[in-house]
Amino acid sequence: MLPLLTLATTGQVWLDWSPPPHSAARTRGQETENGMLDALVIAPHPDDAELGMGGTIALMLAKGMKVGVLDLTDGEPTPRGTPEIRARETAAASAALGLSWRENLGLPNRRLRSTLAARAALAGVIRQTRPRWLFSPHWVDAHPDHVAATRLVDAARFWAKLTKCDLPGEPWHPARIYHYPCVHLKVVVNPAFVVDISSTWDLKARSLACYASQFPPAGSSPSAPSVLDRVDAAASWWGAMIGVARGEPFTAREPIGLRGFGDLF
Ligand SMILES: [Zn+2]
């Protein structure tokens, strides 16, 4: 575990926040000329960003947008993983998508909570990367870490705009939070919009294949689909809903504004 929030219990989290440490999963490159990202995708665990919106991430990057992924935890322990394996898989998946900015906040897996310390840490990243949009998990999920992540992102977005505080950087308020569905609850979300990822599906599939410790090629029984099979089927289903080969759904609690109708089906 990365020792990011060691002073969290002192009650001085505003002063004690420090930038996320380097890790094997951390990549940083062309995006930070002025510290700004167009979109910051916040994921409870490495692989959630790829599962939920890997095709959209690749699509935004192909359009020239600056996209970063912030994993909140290292996702370990898992039955077949280790922190080192997960870091290598995450780096490979990031390369498959073409990401140049990805970091890990080092919060505790399985015990993720929207604490004041975690809020300060995430708000600091938001102020330093200044994204126009945040992406976080859909607010209904069976995994407690995912639900906690959604609450944490909401709180950190609010804190990021505060003045007269000791958070790093200048106040910043991302214009919108959009949500990507995760896979731990067998419910069908009612999306606010579906993105056509037909052109980037191969990149999403390639990035998911990097997580060999998490997604074995076979299902839990000979007749059960694997995780990758289920993701494949879901992408085809959502694509069919908008008349394309593959799609990724998103939910939103705030109204979505349009400046035109150019990209609408
Ligand atoms: Zn997860």
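These legends describe close-up views of one predicted model.

**Figure 1. The whole chain and its elements.** Residues are numbered from 1 along each chain as its sequence is written. In this predicted model, local features need pLDDT of at least 70, side-chain atom pairs count only at pLDDT 80 or more, and totals for chains, interfaces and linings use all residues. The chain holds seven helices and seven strands. Both are DSSP runs, numbered from the N terminus (helices: H or I, at least four residues; strands: E, at least two). Along the sequence, the pattern reads α-β-α-β-α-β-α-β-α-β-β-α-α-β. The chain has 265 residues, and 45% of them count as buried. Buried means that 20 or more other C-beta atoms lie within 10 Å of a residue's own; exposed means 12 or fewer, and partly exposed is in between, with C-beta atoms placed from the backbone.

Figure 2. Five strands line up in the order 3-2-1-4-5, with parallel pairing. Strand 3 (102-104) and strand 5 (176-180) are the edge strands, each pairing on one side only. From one strand to the next, the twist averages 20°. Two strands pair if DSSP finds at least two bridges between them. Strand 2 (residues 67-71) and strand 3 run parallel and are joined by three bridges. Leu70 has Glu103 in strand 3 as its bridge partner.

**Figure 3. Helix 3 against helix 6.** Helix 3 (residues 83-97) packs with helix 6 (residues 201-209) at an angle of about 170°, and their axes are 8 Å apart. Axes are lines fitted to C-alpha atoms, for helices over the stretch in contact; angles run from 0 to 180 degrees between N-to-C directions. The two helices are therefore roughly antiparallel. Angles over 145 degrees count as roughly antiparallel, under 35 as roughly parallel, 65 to 115 as roughly perpendicular and the rest as oblique. Helix 3 brings Ala93, Ala96 and Leu97 to the contact, and helix 6 brings Leu203, Arg206 and Ser207. Two residues are in contact if their C-beta atoms, placed from the backbone, lie within 7 Å.

**Figure 4. Trp238 and its surroundings.** Trp238 sits in helix 7 (residues 227-241). Trp238 counts as buried because it has 23 C-beta neighbours inside 10 Å. Beyond four places in sequence, Trp238 is in contact with Val194, Gly247, Glu248 and Pro249. Pro249 is 11 residues from Trp238 along the chain, and their C-alpha atoms are separated by 6.7 Å.

**Figure 5. Residues 1-32.** Here pLDDT, the predictor's confidence in each residue from 0 to 100, stays under 50. Where pLDDT is low, the predicted coordinates should not be read in detail.
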